[in-house]
Structure formats: C-alpha cells, structure tokens
Amino acid sequence: MNLVHAGLGAAVAVGVLSALLALITPRRLRLVPVGVGTVLVGAFGVLAGAVAVAGQAYSVEIPALLPLFGVSFAVDALSGLFLVVTGGVAIAVAVYGIGYARHGLDGRGVQAVLPLFVLAMLLVPAAASVGTFLVCWELMALTSLVLVLAEHQQRDTVAVAGRWYAVMTHLGMVAILIGLLVLVAHSADDSFPALRAAATNLSPVVAGVVFVLTLVGFTSKAGILPLHAWLPRA
C-alpha cells in the first residue's frame, strides 16, 4: 500500500467533507467538527509528506478530470518536505482557530473555506504539471482571499486589504502563468520533468525572463518586500 497515496486521498476526502459540514451544520455546532476536520487534513498531509521524505514516491495521472491537460500529481522527497511543513502549520492553525472563530468568524463561508485552503496548499507542491499546478494555485488564491476578508465587517481596513490582495495575487498569477508558458514552449510537454530537462537548454535571455516573471509572481503571493502592499493591511 502506498501511504503517500493514502494520505493525500484521505486529506482530499476529509477536506471536502469538512467544507460540506460547515455548510450544513448549525452555527453553534460548526466550529469543532470543522476544526477537527482541518486538523485531520493537515495530519494526513504530514503523513504523506513524511512517508515521501522517507523514500516512498507516488505519482498519478487523471486525464479525464480536467479538459485539455488533465490532472497529474507526483510526490517525492522535496515535495514531501513541503507537505510536512504545510500540514504541521495547518494543524496548529486549526486547533487555535476553533477558539478564535468564536469571536464572530463562525460563519458558513469562512468555516467552509478553511479546510479547502489547507487542502489546496497541500496539492500545490504535489502538482506534477503546469496545468495542475495553476489550478491548485488558483484554488489556494481564491480560498485565501475569503480568509483575508473574514473580518471585513469588524474592521473596514480588511476590505481594503482584500482588494489589494485580490489584485496582487492575480497579477502574480498572470506573471507565473506567462513565465511557465514561456518555459513550456521550449519543452516537450507541461510536466515538470519535461520543464526540468528543457531548462538546461534555454538561452540566457529566455531563462532570465522565466526567472523574473516567476519570481515576481511567487514573491507577490508570499508578501515579500517590495510586493507586500496587501499584507500589513490584512
């Protein structure tokens, strides 16, 4: 049995189930099951990542799931490390969030998005192709936007932060998209192994363009100086 597969599969199932529970559970009963579900999503991510770091690899392709390019995931030791870190932080956040959300953040929308956000963060480093990566990245961006806006009714500055975040994260998405498409144009397909092979033959100009575009996109999402305008406001 491949434990990476089992861990990621369980994370997906529990994440979706937790989001559904948030939508149908009464407000007074919502926080604990959603919080526990999010903890389990993180824990399954840690399990999958730890097994991958220990040497068990995993890959899967599902051509029919999305049109044009399908879906493909692959987990090795490097992506496994990101799964462990992401899942571990998610566990701590979910436990803290059960109490924190009682101060007015127990609405259906925010609670449903939290496990999906954690799930998207786990799927991003597991993506094995540009198409899959961009879909998971956009899911992470949209769910995180809802979380950034969670306190907009309590603080007016949060709404401003949300607008900044929406603009910055989607401009960053465009930069990443263009950079990766330039790289795909010089490779056999959009899989990351093909991109890795093609990168050795890029001209300095093309390599520089790809590097700058992806650097701008990723640092704007991470809120790194000087592309951090949304972060202090949030």
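A residue is called buried when its relative accessible area is under 20%. With that in hand, let's look around this predicted model.

Leaving out residues up to four places away in sequence, Ser220 touches Met168, Gly172, Leu227 and Trp230.

Now turn to helix 1, made of the 22 residues 3–24. From first C-alpha to last, helix 1 reaches 31 Å, close to the expected 32 Å. Its buried residues include Val4, Leu8, Val14 and Ala22.

What do the buried residues of helix 1 pack against? The table lists their partners.

| Partner of helix 1 | Residues |
|---|---|
| Helix 2 | 27–53 |
| Strand 1 | 58–62 |
| Strand 2 | 71–75 |
| Helix 3 | 77–100 |
| Helix 4 | 108–126 |

In soluble globular proteins, nonpolar side chains tend to be buried together. Here, the largest nonpolar core has 37 residues, and Val4, Leu8 and Val75 are among those that touch the most other members. Helix 4 gives the most to this core, with 8 residues. Beyond its neighbours within four places in sequence, Val75 has contacts that include Val4, Leu8, Tyr58 and Ala126. A second, separate core of 6 residues includes Leu31, Ile98, Ala101 and Leu105.

Note on methods: Residues are numbered from 1 along each chain as its sequence is written. This is a predicted model: local features need pLDDT of at least 70, side-chain atom pairs count only at pLDDT 80 or more; totals for chains, interfaces and linings use all residues. Side-chain values use heavy atoms; hydrogens and water are left out. Helices (H or I, at least four residues) and strands (E, at least two) are DSSP runs, numbered from the N terminus. The expected span of a helix is 1.5 Å times one less than its number of residues. Buried means under 20% relative accessible area, exposed over 50%, partly exposed in between (1.4 Å probe, protein chains only). Contact means heavy atoms within 4.5 Å. A nonpolar core is a set of buried Ala, Val, Leu, Ile, Met, Phe, Trp, Tyr and Cys residues joined through side-chain atoms within 4.5 Å.
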